[in-house]
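Hi,

Here is the structure I promised to pass on.

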Amino acid sequence: MKLKFKALIAIGLTLALSAAFAGCTDNPGGGENNDDYGTLTIEDPTVYITESKAYTFAEIEPIFSKPDKAEQLAYTYDTGDIKIENGVVTPLKRADKRVNVRAKSENFNVVFGVEIKYLRFEGQIYNTSEYESAIASRIEQCKAVTKDTTLFIGDSFIDEWFIGDYMQTYAQDKEIICAGIGGTTSYQWEAAYRKIMGATAPKNIVLNLGVNNFYNGRYMAEDTIDSLTRLFMFLHSSYPASNIYWFNIIQSTNSDFISSSSRVTETNGYMADWCGKFDWINSIDVCSKINESDLREDKLHPKTESYDIFTNALAEAGCVIVNKNR
């Protein structure tokens, strides 16, 4: 019994040390001379999951101090909590949890942690109560969505109040539905998109979002980037067959919003790079194409005739919009 008890202590100590050094640099686990192989570092990734089981993903990024000594890693973990496939981790359970993962190869052995965050959309930034009537209206609109629909969602740029006159002509022979809600931020669409869009995956999802994060909410670029990337991953995990297109944020010439210009530039730059990594989403640059003469008197929203800048850029990005059957 004493020998068994000592063995259990040793095992427990090993596991505790592994957990304590999760996400840190670890020395190789083999080789005649460990220094010949350098070290392996893996930062702790974070993934999100929602009540509807929409989820984000994170790429595991092993960093070998000697790149020429890099080896293929095998990952061991609790398969009930997360899934790792082709170096990408996704959450499976709706719970806040840290999952330890061991990355091992012939000469490396490191433990890191995957942080799962169960996003319940609590707090003021996710509050949609003031948009209840608009949300109810958009839910009814989206009941007509089919696999051929190009669905425009987002803020006032896509709200019928602003884009409606343009769409009367542009969309009359196309399978298009506009379900934007003026004043909304990316946070509110994180909370409400599934309720609004329903179960049917449209052919294309076209978004204009981020304007109100800065010009109304005055959020920081880092926070807006986090929200946009989460939303896009939620949309992709909910509607994997849909192509996603995001119009980047235009620079308003309204003096009230000038202070946000650097945050807009930072966000647009980051999102262009981020979207460029994937084949299911496109960042569409309208910011560089919009001049002050293209804007209404509020120096923010496009004039009716200026919306062709958006739809032309959408076509240039490869978005195919289905014509209505006659």
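**Starting from Phe247**

Leaving out residues up to four places away in sequence, Phe247 touches Phe152, Val206, Leu207, Asn208, Ile284, Val286, Phe310 and Leu314 (contact means heavy atoms within 4.5 Å). Before you read too much into that, this is a predicted model, where local features need pLDDT of at least 70 and side-chain atom pairs count only at pLDDT 80 or more, while totals for chains, interfaces and linings use all residues. Residues are numbered from 1 along each chain as its sequence is written, and side-chain values use heavy atoms, with hydrogens and water left out.

Phe247 sits in strand 13 (residues 243-247); helices (H or I, at least four residues) and strands (E, at least two) are DSSP runs numbered from the N terminus. Phe247 counts as buried because its relative accessibility is 2% (buried is under 20% relative accessible area, exposed over 50%, partly exposed in between, with a 1.4 Å probe and protein chains only).

**The whole chain**

The protein has eight helices and 14 strands, and 47% of its 326 residues are buried. Of the contacts between residues at least 6 apart in sequence, 72% join residues at least 24 apart.

On confidence, mean pLDDT (the predictor's confidence in each residue, from 0 to 100) is 90, with 89% of residues at 70 or more.

**Cores**

Which residues touch the most other members of the largest nonpolar core? They are Phe152, Tyr193, Leu207, Phe232, Leu235, Phe310 and Leu314, out of 72 residues. (A nonpolar core is a set of buried Ala, Val, Leu, Ile, Met, Phe, Trp, Tyr and Cys residues joined through side-chain atoms within 4.5 Å.) Helix 6 (residues 221-238) supplies the largest share of this core, seven residues. A second, separate core has 20 residues, including Leu40, Val47, Val101 and Ala103.

Leu314 is worth a click too: beyond its neighbours within four places in sequence, Leu314 is in contact with Phe152, Val206, Tyr245, Phe247, Ile284, Cys319 and Ile321.

**Pockets**

The search ran on a 1 Å grid over the protein atoms alone, and a pocket is an open set of points where a 1.4 Å probe fits, with protein on both sides within 12 Å along at least five of seven lines; lining residues have an atom within 4 Å of a point. Grid points are joined across faces, edges and corners, and a volume is the space filled by probe spheres set on the points.

The largest pocket has a volume of about 650 Å³. Of its 23 lining residues, Thr46, Phe57, Ala58, Glu59 and Trp274 are the closest to its centre. Helix 6 gives the most to this lining, with five residues. By class, the lining of the largest pocket has twelve nonpolar, four polar and seven charged residues (Ala, Val, Leu, Ile, Met, Phe, Trp, Tyr, Cys and Pro count as nonpolar, Asp, Glu, Lys and Arg as charged, the others, Gly among them, as polar).

The second largest pocket holds about 350 Å³. Its lining has 15 residues, with Tyr55, Phe57, Val88, Thr90 and His236 nearest the centre. Strand 7 (88-91), strand 6 (82-85) and helix 6 each give two or more residues, and strand 7 has the largest share, three.

Cheers
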